[in-house]
Structure formats: structure tokens, C-alpha cells
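Here are some friendly notes to read alongside the model. Please keep the 3D view open as you go through the points.

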Amino acid sequence: MATAGKVIKCRAAVAWEPSKPLVMEEIEVAPPQAHEIRIKIVATGVCHTDLYHLFEGKHKDGFPCVLGHEGAGIVESVGSEVTKFNPGDKVIPLFISQCGECRFCKSPKTNLCEKGWASDRYDVMSESDTRFTCKGKKVLQFMGTSTFSEYTVVNEIAVAKIHPSAPLDKVCLLGCGVATGYGAALNTAKVEPGSTCAVFGLGAVGLAAVMGCKNAGAKRIIAIDINPTKYEKAKVFGATEFVNPKDHNKPISQVLSEMTNGGVDFSLECVGSVAVMRSALESCVKGWGVSVLVGWTDMDDFAARPIQLIAGRTWKGSLFGGFKSKDGVPKLVNEYLEKKVKLDEFVTHNMTLAQVNDAIQLMKTGDCIRSVLSVALQ
Ligand code: NAD
Ligand code: ZN
């Protein structure tokens, strides 16, 4: 490639400060260092975690940055020590790394790796080191990925090589939302055949959790959202019943308990609200109910009565659906190609990177499931 070893100037959507629209800028992307890979991003989804950082988390040390962590692209060039990737490979950048060597990677019990951006500071949502500059300023790489840019540089421990025939404008969703919800049901909750499940929040993450419950053989899947326009989509993924908390003047946990003779076997919180996390726990049946936190928030403490857990419920959390990222994502891509996992049905809008602020607005108002932005030409 003519660009290998050189700085690339390209377009990116820069978040200069919290709560402000992103600005399309020309940025400089440095060549990859020894263990790094420079990727041309072809497509990216917009996930609620991007909105969380921009409008809720707003950490003062986390800006300026380039958001986006649900993308797919093509390797442009690789660092001198990289042996397992070549220019032209189709890849998905990973916000959870898999170095394969740390104590977490060596344990089958978790997908957390101690090497990625998260080992720096979780609250800033970026590592301090970055390959981006704009107008003479350092620009951070959100979640170590930054897919709202035509080019990005990612450490090889946080890149998955995928099947060469994978359509990048669909499989980008496996970089975050769909893998997260699907894996939360299968890997973290470990939903059982014949069980009754409740999924709170029907964005892409929640709908993917519904799909996970269905593929695990759940008999009843109760889908809960305050936005009833999401129910039709939830049916497509396997939901069997729908509940709008706004239609009831009693706690949603009581409504679910009455519907299920004492509570559901599994519940998944896919909203990112500590109040909903509590409701999801309280909606589980005593004795064996399992509730999983999938929604992302680090703003507030949560509360629950100890008796909820003493009585035998389990409260767990799930990051990236519990998938070991480099191993899991290529397998999920293959499952999509084999039609075992749906992706097309999540995409409600196709736009360009320049329209990223419109895509953010659609998610804010609840008028989309996933907007997929085309970034650089393939
Ligand atoms: P989204 O905005 O598309 O969907 C959220 C849904 O929750 C919406 O349909 C909304 O109407 C619904 N909702 C809001 N308040 C509700 C309430 N009180 N009760 C029921 N439903 C309610 O978001 P998304 O992209 O699907 O992401 C969902 C959550 O998952 C976010 O918090 C996101 O940050 C988080 N997330 C976590 C991980 C992880 O690894 N754990 C990864 C990706 C996303
Ligand atoms: Zn995400």
C-alpha cells in the first residue's frame, strides 16, 4: 500500500467536548507501531455507549476523542512485529482485548483481559496513548477503537480477523451491541431450555438478548420497554409477550411475578439504569432466578434489599457478552454467514459518517434500532 509507513490524513467525527455535536474534521493518523494494525474503517454502528460517554459520563479527561466502537474494516498496514494480519484482511476492532497471556485470558471464567484500554482508566473510556492528532492537539481513541474515523490504529490484541466474504456493513454490529446482548443470554445468564426470561430494554443490545434467549431454547420471552414501537421488532427475534411499565400502576416486578407464578428464571437489564437493574433483579423468581446487568452506567450506586439475594437469586454483570473477543467474534461472523444469528434485522437506518449527529439524535429519541454509517469506501 502506498500509504504504509506514512501519516494518513483522513476524515473523522471529533467529539471536542461533552454534550456537543460531533464535528467532521481532517485528522492525522500515525503509522502503526510494532504490534499495531492500521485499519480502514468501512462501516460502523452507533451504540448507546457512545451516547453515554458524550452526554452522561462526560469525563473531563475523556475529550477530545473520536467515538465509535462497533465497526468493521480492512487492514491498511501492519507494524513490524505483526505476523498474523496482512493488508487487505477484513477485521473487526475489539473494545475488549484478548492478549492470550494474562491471568484473565488464561482463565475460562472471564473474557476480561488486563492489557487493553480498560486497564488504564475505565472512567475515561480511552487509553492515554493515541495515534490521532487534529489541529495540533492529541485526540483520544474511545474504547481503544474509534470507528467514527476513516482510519484507526489498534493493538493486534484487540483486532479479530474475520471471514473474507463477510459484509462489513452488517458484521460491524458484532463489534459491540449484538455480541453483547446475545452473549449475555448465552454465556452469562446461561439461559436454559424451557425457561421463562425477561429482557428489559429493546435496543440492539436487548433485542440481541432476546435472540440469545430464543436460541438457548427459552419457552417464554417477555420483552419490556417504555417505547411500544419496539415490540414488533422484538417479535422478529423471538419475544413471546410484551410489557410496557407505563401501562401499570404497580411495580413491574409485581406485574411479572403475577404473569409467571412468582417470577422469571432469567432477567437481563439492557437499559443502563440503576432503577431498572433493581426491577430486573426483583422480577426473578426466588430460589434460582438469575439477573444480568448488561446496560452500561458508572454514575450511581445501585440498591436492593439483601433478602433478594439471601433468598437465592443471583446478580451478575456481563461485558461484551462474556465472549473472549478474538476467539468469539470470528465465530459469530461465521454463525451469521450460516444464518444461525440474525444481523440484517437490527439495521433500521443506513447513513454516512457525515450524518453521525443525525444517527445520535435517532437513538436519543428512540426512533431507530441500529443506524449503520458507511465510513471509507471499500
Ligand atoms: P438503546 O438506546 O438503543 O436501547 C435502550 C432501550 O431501553 C430503548 O428501547 C429504551 O426505550 C429502553 N428503555 C429506556 N428506559 C427504560 C425503562 N425504564 N424500562 C424499559 N426500557 C427502557 O441502547 P443500546 O445500544 O441497545 O444499549 C443498551 C445498553 O447497553 C446501554 O446502557 C449501553 O451503554 C449498554 N451496553 C453495554 C455493553 C456491555 O458490554 N455491557 C455493551 C454495549 C452496550
Ligand atoms: Zn457498544
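Which helices each supply at least two residues of the lining of the second largest pocket?

1. They are α1 and α8. Helices here are DSSP runs of H or I with at least four residues, strands are runs of E with at least two, and both are numbered from the N terminus. A pocket is found on a 1 Å grid over the protein atoms alone, as an open set of points where a 1.4 Å probe fits, with protein on both sides within 12 Å along at least five of seven lines; lining residues have an atom within 4 Å of a point.

2. A word on the source: this is a predicted model, in which local features need pLDDT of at least 70 and side-chain atom pairs count only at pLDDT 80 or more, while totals for chains, interfaces and linings use all residues. Residues are numbered from 1 along each chain as its sequence is written, chains are lettered from A and ligands numbered from 1 in the order in which they are written, and side-chain values use heavy atoms, with hydrogens and water left out.

3. To stay with the second largest pocket, its volume is about 460 Å³, where a volume is the space filled by probe spheres set on grid points joined across faces, edges and corners. Its lining counts 21 residues, and Y52, G295, W296, T297 and D298 are the closest to its centre. The largest share, 3 residues, comes from α1.

4. The largest pocket holds about 870 Å³ of space. Of its 41 lining residues, H48, G201, C270, V271 and G272 lie nearest the centre. At least two lining residues come from each of α1 (48–57), α5 (204–215), α8 (274–282) and α11 (356–365), and α1 gives the largest share, with 4 residues.

5. Now look at how α1 meets α11: their axes are 10 Å apart and the packing angle is about 95°. Axes are lines fitted to C-alpha atoms, for helices over the stretch in contact, and angles run from 0 to 180 degrees between N-to-C directions. The two helices, α1 and α11, are therefore roughly perpendicular, a term for angles of 65 to 115 degrees. H48, L51, L54 and F55 of α1 touch I360, M363 and K364 of α11, contact meaning heavy atoms within 4.5 Å.

6. The zinc ion (ligand 2) has C47 (SG), H69 (NE2) and C176 (SG) as protein donors, at 1.9 to 2.3 Å. Donors are N, O and S atoms within 2.8 Å of the metal (3.2 Å for Na, K and Ca); water is not among the atoms, so sites may look incomplete. The donor spacing in sequence is C-x21-H-x106-C.

7. Two backbone details deserve a look. Most residues other than glycine have a negative phi, and most peptide bonds are trans. F63 and P64 are joined by a cis peptide bond, with omega about -10°, and P64 sits in the loop between α1 and β4. S19 has a positive phi, near 65°, and lies in the loop between β1 (8–14) and β2 (23–29).

Technical notes: Parallel < 35°, antiparallel > 145°, perpendicular 65-115°, else oblique.
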